[in-house]
Structure formats: structure tokens, C-alpha cells
Amino acid sequence: MTSVIVTGADGQLGKSIQARIGSYDEINGVFLSKESLDITRVEEIRKRFKEHAPEYCINTAAFTEVDEAEVAEDKAMEVNACGAENLARACAEFRVILIHLSTDYVFDGSKPHGYRPTDKPNPINAYGRSKWEGEKRIGKCLDRYFIIRTSWLYSEYPPNFFTTILNRLNKNENLEVTDQQRGCPTKAGNLAKYILELITSDDQDFGIRHFTDGEPMTWYEFALRIKNRYAPDSTSKIRRGNNYRSFAKRPECSILLP
Ligand SMILES: NC(=O)C1=CN([C@@H]2O[C@H](COP(=O)(O)OP(=O)(O)OC[C@H]3O[C@@H](n4cnc5c(N)ncnc54)[C@H](OP(=O)(O)O)[C@@H]3O)[C@@H](O)[C@H]2O)C=CC1
Ligand SMILES: Cc1cn([C@H]2C[C@H](O)[C@@H](COP(=O)(O)OP(=O)(O)O[C@H]3O[C@@H](C)C(=O)[C@@H](O)[C@H]3O)O2)c(=O)[nH]c1=O
């Protein structure tokens, strides 16, 4: 039996992993919400690692509010950089493999065809800076880690773009959605499966990877697909536009290539 701690267990990826772990008899998952393990607290991490003796730690815990991070960059850094570093140090001490999640928003979005894991990050917003800092700190204090960058996660667990748009379609509200960003929407359940299979395959090819569902589109196109597939009877009109309130700059093209 492989013992695996999952941090940030009440978030959408944490819940998606929990929903799928039943198919993996060989994995014993310990799901810890922020209340059970705050990754900014070093002693709590050590206590949990001693208690559960994990072989892997999947870190889904993060500060993910992209606009909010612009006015609270210190908070984003505390969780996404210091929290990640705390986990990495504990992983080094207790010989645990860290599977950490990062984002397409570490890139500036100026490459028109997308980014490989070897491309150099250059974040253009506070959330992206905090995630990139987390990646660098992990790389400095740990050898056995996977950093999995993913993008535009969606699931049935709110809040995310999919649930927000679907709610509005179900209320027949008209929508204006940006076509100024291109990226790959990724189903959180598919990412959960990829992570669980990484564990069962005992893969030791550590480092940075990109995982997405691989179909590049704009947010506008994604909204249209949500309507066609999940709310075809909605009377909402979806039009392209860039008046949606958002403070943070976002990368124009953040397609992640394997
Ligand atoms: N969502 C997306 O589109 C994308 C996400 N990612 C990355 O994937 C990972 C998972 O994202 P996702 O599940 O969507 O994020 P969520 O925001 O849904 O979940 C993150 C969870 O972490 C918790 N958390 C916040 N601070 C702490 C802390 N100090 N200690 C422990 N837990 C904490 C949050 O609790 P609370 O809400 O109570 O603060 C929340 O339950 C993150 O690393 C994110 O950066 C990458 C690309 C795209
Ligand atoms: C809901 C909505 C959003 N938008 C715009 C705002 C923004 O530019 C884009 C996406 O909006 P959101 O606020 O849902 O997404 P955003 O916070 O930019 O999503 C990001 O989250 C972080 C955590 C990541 O790591 C990224 O991969 C990415 O998923 O669409 C509209 O134009 N109209 C709308 O009705």
C-alpha cells in the first residue's frame, strides 16, 4: 500500500483526486483540508508526516484567486512560495516524493504556439510570480519532485470558469467573454487520473511536466462549448468582449505543450 498525503483537499483538484482514488486499491490517500494542515505552518507539516509516514505528498493547496493576488501578493507568496518550500523541506527530511501543481500563468504569453517545460517562465501577474517562486524554491531544496504545470482547470466543484458560466447560462443571462487569451481547458478529473497513475507507475523521471487536455481555445470559445454541450436550451447570448472586470494581466497565449 502506498501512503499519499493530499494537501488542499477541499479544493477542486483535491476533491477530484478524492473522487477517483477508489479505483486505485494500492493507494491509501490521506486528504487534509486547510483546517487539518496549513502548509504555511512548518510544525504542522512535520507532525502530519510523522503521523502518516507518506511516500508521496500531492500539494494541491494554493492561493488561486488571480485578481485578489494583485492586492494581496504577500498572501499569495506566503502560500504559493513559502508553503511550497515548507513542504519541499519536509519532503527532503522525511524522504517523501513531492507532486506539486503549478500553472500556465508562470509564462508571459508572448510565444504564439505555446510553451514546453524547458521554456523560461516570466510571469506577468502576482499569482504567476508566486507560483514561479514556489517552483524555484522546490527545485533548490529537493531532488525527488514532480512539478506538474496545468491550465484552466474545471470540474463540477465550484468555483471555476465552467461552473460560473453554466450558472449564468441556466439563469438565461447574457454573457460577454474575452477572446484575448488562448490556452487549454483541463478537466480536473483527468489531471487527477494522471497524478494517480504517476504514483502507481512508480515513475522516477523527476522534474517539470506539462499536463493539459490539449485542445487550445479562447475563453470565449470555451464558453460557447459549455453552452452547446451543457445548456443548449439556454436563451443566453454569448458575445466576445473585454469588459469583464479583471485587475490582473493575463497571458495572451499560455498553451502548455508536453
Ligand atoms: N484552478 C485552475 O484553473 C488552475 C490551478 N492550478 C494549480 O492547481 C492546484 C489546484 O488548484 P485548484 O484545486 O483549482 O485550487 P482551489 O483554489 O480550488 O483549491 C486550493 C485549496 O487550497 C486551500 N488552501 C489555501 N491556502 C492554504 C494553506 N495555507 N494550507 C492548506 N491549504 C490551503 C484552499 O482553501 P481556501 O479556499 O479555504 O483558502 C483550497 O481548498 C493549485 O496549485 C493551482 O495553483 C494550475 C492551473 C490552473
Ligand atoms: C466569468 C468570465 C470571465 N471572463 C474572463 C476573465 C479572464 O480573463 C478569463 C478567465 O476568467 P477566470 O477568472 O475564470 O479565470 P482565471 O482566474 O484567469 O483562471 C486562471 O486561474 C488560475 C488559478 C490558473 O492557474 C490559470 O490556469 C487559469 O485557470 O475570462 C470573461 O471575459 N467573462 C466572464 O463572464
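This is a predicted model: local features need pLDDT of at least 70, side-chain atom pairs count only at pLDDT 80 or more; totals for chains, interfaces and linings use all residues.
Me: What makes the protein chain as compact as a globular protein of its length?

Reply: The secondary structure of the protein chain comes to 8 helices and 12 strands. The globule rule gives 18 Å for 258 residues, and the radius of gyration of the chain is 18 Å, close to that value, so the chain is as compact as a globular protein of that length. Along the principal axes, the C-alpha atoms fill a box of roughly 55 × 35 × 30 Å, and 43% of the 258 residues count as buried.

Me: Why is leucine 256 called buried?

Reply: A residue is buried if 20 or more other C-beta atoms lie within 10 Å of its own, and leucine 256 has 26 C-beta neighbours inside 10 Å, so leucine 256 counts as buried. Leucine 256 lies in the segment after strand E12 (238-240), and, leaving aside residues up to four places away in sequence, it touches Asp104, Gly114, Tyr115, Arg149, Ser151, Cys184, His210 and Thr212.

Me: What makes the peptide bond that joins proline 158 and proline 159 a cis bond?

Reply: Omega of this bond is about 0°, and the bond is cis. Proline 159 is found in the loop between strand E6 (153-154) and H6.

Me: Which residues of the largest nonpolar core touch the most other members?

Reply: Leu87 and Leu98 do, in a core of 67 residues, and H4 supplies the largest share of this core, with 8 residues. In soluble globular proteins, nonpolar side chains tend to be buried together. Leucine 98 has among its contacts Cys57, Leu87, Ala88, Cys91, Ile138, Leu142 and Tyr145, and also Asn59, not counting residues up to four places away in sequence.

Me: How do the residues around ligand 1 divide, and what is the count of each kind?

Reply: The shell around ligand 1 divides into 9 nonpolar, 13 polar and 4 charged residues. Of the 26 residues around this ligand, Gly8, Gly11, Leu13, Ala61 and Ala62 come nearest. The largest share, 3 residues, comes from H1, and helix H1 (12-20), helix H4 (73-94) and strand E4 (97-103) each supply at least two residues of the shell.

Me: Which element gives the most to the shell around ligand 2?

Reply: E7 gives the most, with 3 residues. There are 19 residues around ligand 2, the closest being Val66, Thr103, Phe161, Thr178 and Tyr244, and helix H6 (161-170) and strand E7 (175-177) are the elements that give two or more. By kind, this shell divides into 9 nonpolar, 7 polar and 3 charged residues.

Notes
Residues are numbered from 1 along each chain as its sequence is written. Chains are lettered from A and ligands numbered from 1 in the order in which they are written. Helices (H or I, at least four residues) and strands (E, at least two) are DSSP runs, numbered from the N terminus. The radius of gyration is taken over C-alpha atoms; the globule rule is 2.2 Å times the number of residues to the power 0.38. A residue is buried if 20 or more other C-beta atoms lie within 10 Å of its own, exposed if 12 or fewer, and partly exposed in between; C-beta atoms are placed from the backbone. A residue is near a molecule or strand if its C-beta atom, placed from the backbone, lies within 6 Å of it. Ala, Val, Leu, Ile, Met, Phe, Trp, Tyr, Cys and Pro count as nonpolar, Asp, Glu, Lys and Arg as charged, and the others, Gly among them, as polar. Two residues are in contact if their C-beta atoms, placed from the backbone, lie within 7 Å. A nonpolar core is a set of buried Ala, Val, Leu, Ile, Met, Phe, Trp, Tyr and Cys residues joined through C-beta atoms within 7 Å.
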